[in-house]
Amino acid sequence: MNARPSRVALGLVPLVAGLGVWQLLATSDSPYAPPPSAWWQALTQMQEAGTLLPAVASTLETVAVALAVAAVLGTALGLAIGSVPALQRALGPTMEFWRTMPPPAIVPAAALLLGLGRTMAVVVIVLAAVWPIVLNTVAGVRAIHPVLLESTRVLHVPPRTRVLQVLGPAVLPWVLLGLRVATPVCIIVTLLVEMLTGSAGVGALLLQAERDFLSAQAFALLVVVGLLGLAINLVVLSLDRWVMLRRPPRR
Amino acid sequence: MRAELRHHAGGVLVGLAFVGLWQGAVSSGVVHYQYLPAPDAVVAAGVRQLRDGALLGAAGHTLVSALIAWGIALLVGGALGMGMALSAPLRALLTLSVDLLRTLPVIAFVPIAALLFGLSRTTEVTVAAWSALWPIAVNTVGGLEGVHARLGEVGAVLQLGRARRLWAITLPAAAPLMLVGARLGLGLALIVTVAAEMIANPAGLGYEIVQMQQALRPDAMFAYILVVGVVGLALNAGLQQAAARAVPATQTAGGRS
């Protein structure tokens, strides 16, 4: 993050050099590997046609809603499982199966049962992205010093206060760590759902570009998707940093 | 082993109870979704697909594709990681580019690969290998860099050559984390293989799932989904066993994806 500019420049050399060579070697009407300048043209064309921004907005909205739901649900599940060992033993194998289930496989089932639409998308994305948050929250509850929990019991702290003022703050850094792990999963599954259901969004746009053999458009959208992913990850990372500056470190 | 069995018994029972509840709810008509089959219908459909050979063929295709992709990723990712860990100039040159490339959502590469290689197995394997090579490379770098400096000094005291030191000291010390990378990579390779089959290459388990969905045969679709889950579990468990036998310290190492 705080690397010196010269180092950053050096680290970008292979990428920039690769794109430069590509630009020089490819002809602008190449059907398979159009040069970066053609990507830019395709991008401005999509922008003028008015398809680009609504798709980006739709993808961002799905990711944001799914991340929020996964965070709330994952924290609640993690708190419950972490504080009741019997619950962990009871749900362990079932959770393990869901966790290792490749998310793409669930999409068609959800599409049949819930229909196409944002509800289905969010359900599938949450099913894939909730696990890192659950596991980290469980680890966070385990890491709380037992004396802290015992003293709340001795002092007869009501459950509500215990969760909001003792468990919550202690677990928060772990939840955020889980959120950071969940973010890339969330983005990937969002794009996948868009591709498979042809709903609004950058994923659907990208697949359509491929099916229409508009390779410059496809490469341009790949760059858009990459930047989008980078931006979302940075937002989550800075949320984590912001909270961590006000909180004791994890572990 | 016995204690472990007893420890998991309750959890397995809950899983079975869940399946029983599903069966009861659907066959008694309490829950009625047009496309939600009961577990017995799913099993029956699975057996039918198994009998006519469709299931084994599809599972074989997916498994072979994922394993080829994983093998390529082990070679490329391992070499990349070792190069970056052992040569400071190379690391300075590559780290940022690698970080940018590996955060690109892998699914976005499926249409690109389909453009370049057509709707073929090459597409499937290329994308899966691409996704699997990053955790392998990152954990190889992490594993090699995490080797304690003392161990290097031991090598120096024993007057071992550079190659011998790498082979006899550094690599074994880095192995646990490298194996974690390999395991993450295998899981990703399978996921991306299935996804690529759904979007690009009409073959394998991913294609069958989409196919059954579109044919409105939810029982067969759920059977294929179940098979994907079982293949994932089996691959993960198999590799974990093999790794635990090869390097006993593996269990304790946490990796980065």
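In this predicted model, V64(B), I68(B), I72(B), L75(B) and V76(B) together form a nonpolar surface patch of about 430 Å². One of these residues, V76(B), sits in helix 3 of chain B, which spans residues 54-86. V76(B) is classed as partly exposed because its relative accessibility is 42%, between the 20% and 50% limits of that class.

Helix 3 of chain B also holds L56(B). With a relative accessible area of 56%, L56(B) is over the 50% cut-off and therefore counts as exposed.

Turning to the interface, 44 residues of chain A make contact with 50 residues of chain B. The two chains bury about 4,200 Å² between them, and carbon and sulfur atoms account for 83% of that area. Of the area that chain A buries against chain B, 15% comes from L112(A), L113(A) and E210(A), more than from any other three residues. On the side of chain A that touches chain B, at least two residues each are supplied by helix 1 (5-25), helix 4 (85-100), helix 5 (103-114), helix 8 (159-197), helix 9 (202-211) and helix 10 (215-244).

Methods. Residues numbered from 1 in each chain as written. Chains lettered and ligands numbered in written order. Predicted model: local features only at pLDDT ≥ 70, side-chain atom pairs only at ≥ 80, totals over all residues. Heavy atoms only, no water. Patch = residues over 30% accessible without salt bridge, like charges linked within 9 Å, V, L, I, M, F, W, Y side chains within 5 Å. Areas by Shrake-Rupley, 256 points an atom, 1.4 Å probe, with all protein chains shown as cover. Salt bridge = Lys/Arg side-chain N within 4 Å of Asp/Glu carboxyl O. Helix = DSSP H or I, 4+ residues; strand = E, 2+ residues; numbered from the N terminus. Buried < 20%, exposed > 50% of the residue type's maximum accessible area, 1.4 Å probe, protein only. Contact = heavy atoms within 4.5 Å. Buried area = accessible area lost by both parts, 1.4 Å probe.
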